[in-house]
Amino acid sequence: MSLRFRVLGSGSGGNATLVEGGSSRVLLDAGLGPRQLAERLESAGVDPASLDAVFVSHEHGDHARGARAFSAKWGVPLAGTRGTFRAAGLAEAKVPALVEMAPGETRTIRRLTVRAVGVPHDAASPLAFVVSVGEESLGHATDLGHLSRGLVDAFRGCSALLVESNYDPALLRDGPYPWSLKERILGPLGHLSNGDVARLLEKGLGDACRRVVLAHLSRKNNHPELALQAAEEALLRAGRRAVEVALAAPEGTDWIPVRAPRAAAGRRDGQLRLF
Ligand SMILES: [Zn+2]
Ligand SMILES: [Zn+2]
């Protein structure tokens, strides 16, 4: 029973990740328009109506923009916090079903479970998610201002992580954004920098993790090579050479299995030298 995921969109243009496992399929966020979401699902070989639920992390447009129309058109329930539903105008929306969940709660769809983890971000009640089937689990966090203890703990048992690596502080400081927006992004309820992610990978990564996908990169305040370099250097410092790092492009990724190839697992912590 394996778990795999596919990023359908990443960054300020719109975020959505398809996760499949245990004969269930869920979408994490619906920040693309409903037509574009359906097209990207179909190009992944997935019928939009076959989704079991859309979990909405928070109300910002790049995460929730398509939720209402997609849910109504394809008959797919929405799941999220009460705060998100209210702030996104979904509480009274005509959609097939709204499944409320508080931070810390878990919802089960057949063999797939989705756990909601509260994160620090300037939204009503924002969430990260841990999606699991059996022993495999994906930790999924976009839009958070700092690494809270609760999130690091929730991610410790995950086999793969998708985490935002939003900005490089120097590029942000010297970039075109107004100061108020720079302060918001840099603040404790803004976004994670490349350095924040590096700290997570060096100090907070659980032993089970074999794969990291860097997502939600800012086009103006980051560069893919800077994000990748910061993450790879952190993993090297931590002696975690077998952890594979990839970037989610704005238009998404191919399918990514949560379980890394066996060859990579053998390389872990330089163990190859012993064989
Ligand atoms: Zn966002
Ligand atoms: Zn946000």
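Analyst: Buried means under 20% relative accessible area, exposed over 50%, and partly exposed anything in between (1.4 Å probe, protein chains only). We'll need that here, since this is a predicted model, with local features requiring pLDDT of at least 70, side-chain atom pairs counting only at pLDDT 80 or more, and totals for chains, interfaces and linings using all residues. Residues are numbered from 1 along each chain as its sequence is written, chains are lettered from A and ligands numbered from 1 in written order, and side-chain values use heavy atoms, with hydrogens and water left out.

User: Okay, what makes His 60 partly exposed?

Analyst: Its relative accessible area is 21%.

User: Why is Glu 92 called exposed?

Analyst: Glu 92 has a relative accessible area of 75%, which is over 50%, so it's exposed. You'll find Glu 92 in the loop between α4 (82-87) and β6 (98-100); helices (H or I, at least four residues) and strands (E, at least two) are DSSP runs, numbered from the N terminus. From Glu 92 to Thr 142 it's 50 residues in sequence and 26 Å in space, C-alpha to C-alpha.

User: Now the metal. Which atoms coordinate the zinc ion (ligand 2), and how do you know they're donors?

Analyst: NE2 of His 58, ND1 of His 60, NE2 of His 121 and OD of Asp 143, at 2.2 Å. A donor is an N, O or S atom within 2.8 Å of the metal (3.2 Å for Na, K and Ca), so these qualify; water isn't among the atoms, so sites may look incomplete.

User: What makes the arrangement around the zinc ion (ligand 2) irregular?

Analyst: The 4 donor atoms subtend angles of 83 to 159°, which makes it irregular. Tetrahedral needs all angles between 85 and 135 degrees; square planar (four donors) and octahedral (six) need opposite donors over 155 degrees apart and all others between 65 and 115; anything else is irregular.

User: Why do His 60 and His 121 tie together parts that are apart in sequence?

Analyst: His 60 sits in the loop between β4 (53-55) and α2 (61-64), and His 121 in the one between β8 (112-118) and β9 (127-133), so the pair links parts 61 residues apart in sequence. Along the chain, the donor spacing reads H-x1-H-x60-H-x21-D.

User: Which residue coordinates both zinc ions?

Analyst: Asp 143 does, and ligand 1 and ligand 2 are 3.9 Å apart.
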